[in-house]
Amino acid sequence: MKYEQMYSNKVVSIAGALEHIKSNDEVVCALVGCEPVTLLSNLHKIKDRVENVSVVSAMMNGEYEFFLNPEMKGHFMLNSWFYSKGPRKAHPLGTVSYVPMQLHQFSSRRMDYRQPNVFLGCASPMDKHGYMSLSLCTVMEKDFIEAADIVILEVNPNLPRTYGDTHVHISQVDYIVETNREILTSNPPAINEK
């Protein structure tokens, strides 16, 4: 089968991708610049059919309803190994837990504790050989892609293609959500005397 056909067979809607998350799943997310914003922004919509879903991430840039809305307690738990603004805000709600961890040990230590059911991440568009680049974040993503039962990627033409050990073949991906959203950016704070 041609890679383009494999790719098109795996393209689903946001709802179609999220229907693969079930109660008690361990969902691991790509980090920082490859945070799966489109999927995470819609995760709360499956609340009524799931319970006890562990969402694992760090340095979460977005502030998502799945952990900021108190009604999500018991449905989702964000297990974050670095508290950014949103998780700090949501901690008193009981929808976020801090997981102390050293970055270079995260994938092995987390998988010693619990294997991922679902990986959510982002990638640049596929090349003619069937490869996508994990682009802006390659900290532990490949480890979890190889270990997860289901791999769901947001493919975004705005993500740059990076080289090195950053490529994932279409055969390693179960579902694709196409998006054209802007890449997450960070504006440096204004410098003052302090």
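This is a predicted model: local features need pLDDT of at least 70, side-chain atom pairs count only at pLDDT 80 or more; totals for chains, interfaces and linings use all residues.
## A parallel sheet and its cysteines

Zooming out, β1 and β2 belong to an open sheet of seven strands, and the pairing is parallel. Reading across, the order goes β4-β3-β2-β1-β5-β7-β9. The edges are held by β4 (96–98) and β9 (175–178); each has a single partner strand, so one side of each has no neighbour in the sheet.

Now for the cysteines. How many disulfides does the structure hold? The count is zero. A disulfide is a covalent bond between the sulfur atoms of two cysteines, and the cut-off used here is a pair of cysteine sulfur atoms within 2.5 Å. For C29, the nearest cysteine sulfur is that of C122, 9.5 Å away, and C29 is in no disulfide. C137 is in no disulfide either: the nearest cysteine sulfur, that of C34, lies 6.2 Å away.

Are C29 and C137 buried or exposed? C29 is buried, with a relative accessible area of 0%. C137 is buried too, at a relative accessible area of 6%. Here are the two side by side:

| C29 | C122, 9.5 Å | 0% |

How values were computed:
Residues are numbered from 1 along each chain as its sequence is written. Side-chain values use heavy atoms; hydrogens and water are left out. Two strands pair if DSSP finds at least two bridges between them. Helices (H or I, at least four residues) and strands (E, at least two) are DSSP runs, numbered from the N terminus. Buried means under 20% relative accessible area, exposed over 50%, partly exposed in between (1.4 Å probe, protein chains only).
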